[in-house]
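Notebook open, viewer loaded. I want to look up a few side chains and see what they sit against.

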Amino acid sequence: MKLSPADVDERMKGLSGWALQGDEIRKLYTFKDFPAAIAFVNRLAPEAEAADHHPDIQISYKRVTLTYSTHSEGGLTDKDFTGAAAADRVVK
């Protein structure tokens, strides 16, 4: 179920470095090099697959931008915030 703007604002307080852009949340991660960036995406992939909720991923050399939104709901849902938390967990 799509979250209300108030719920989104509250959930954003629990995230670090994530930006709200319309109906999406987005974060840029920077790594030491390209293999480290790819390794991060490879660590995140099983989490996303298990949740059946996948971020949009943009890789630019050592930078990875993740964008979450639940397209089928037309905005942000709990799944997006769970995915963001998973990304922050596996980044280390």
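Is glutamate 24 buried, partly exposed or exposed? I looked it up in what is a predicted model: glutamate 24 is partly exposed, with a relative accessible area of 22%.

**Entry 1: salt bridges**

I searched for salt bridges and the structure holds six. Side chains of opposite charge can pair when their charged atoms come close.

Aspartate 88 comes out as buried because its relative accessible area is 17%, under the 20% cut-off. Lysine 27 is buried as well, at 14%.

Then I checked arginine 89, which forms a salt bridge with glutamate 47, with 2.8 Å between the closest N and O atoms. Arginine 89 is in helix α3 and glutamate 47 in helix α2, so this pair ties together parts 42 residues apart in sequence. Glutamate 47 counts as partly exposed, at 30% relative accessibility.

**Entry 2: aromatic rings**

My search of the whole structure gave five aromatic pairs. I opened tryptophan 18 with tyrosine 29: the ring centres are 6.3 Å apart and the planes stand at 80°, so I logged the pair as edge-to-face. Tryptophan 18 sits in the loop between α1 and β1, tyrosine 29 in strand β2, eleven residues apart, and the pair links distant parts of the chain. I have both down as buried, with 8% for tryptophan 18 and 5% for tyrosine 29.

**Entry 3: the core**

Which residues touch the most other members of the largest nonpolar core? It has 21 residues, and the answer is Trp18, Ile25, Phe40, Leu66 and Phe81. α1, β2, α2, β4 and α3 each supply at least two residues of this core, with the largest share, five residues, coming from α2. I listed contacts for phenylalanine 40, leaving out residues up to four places away in sequence: Tyr29, Phe31, Val64, Leu66, Ala87, Val90 and Val91.

**Entry 4: loops**

I went to the loop between α2 and β3 for aspartate 52. Its phi is near 55°, a positive value in a residue other than glycine. Aspartate 52 counts as exposed, at 57% relative accessibility. Histidine 53 lies in the loop between α2 and β3, but I found histidine 53 buried, with a relative accessible area of 9%. Beyond four places away in sequence, histidine 53 touches Ala48, Tyr68, Ser69, Thr70, Lys79 and Asp80.

Tyrosine 61, in the loop between β3 and β4, also has a positive phi, near 55°. At 52% relative accessibility, I count tyrosine 61 as exposed. I also found tyrosine 61 in a nonpolar surface patch of about 380 Å², made with Phe34, Ile57 and Ile59.

Notes:
Residues numbered from 1 in each chain as written. Predicted model: local features only at pLDDT ≥ 70, side-chain atom pairs only at ≥ 80, totals over all residues. Heavy atoms only, no water. Phe/Tyr/Trp six-rings, centres within 6.5 Å; stacked < 30°, edge-to-face > 60°. Helix = DSSP H or I, 4+ residues; strand = E, 2+ residues; numbered from the N terminus. Buried < 20%, exposed > 50% of the residue type's maximum accessible area, 1.4 Å probe, protein only. Contact = heavy atoms within 4.5 Å. Patch = residues over 30% accessible without salt bridge, like charges linked within 9 Å, V, L, I, M, F, W, Y side chains within 5 Å. Areas by Shrake-Rupley, 256 points an atom, 1.4 Å probe, with all protein chains shown as cover. Salt bridge = Lys/Arg side-chain N within 4 Å of Asp/Glu carboxyl O. Core = buried A, V, L, I, M, F, W, Y, C linked by side-chain atoms within 4.5 Å.
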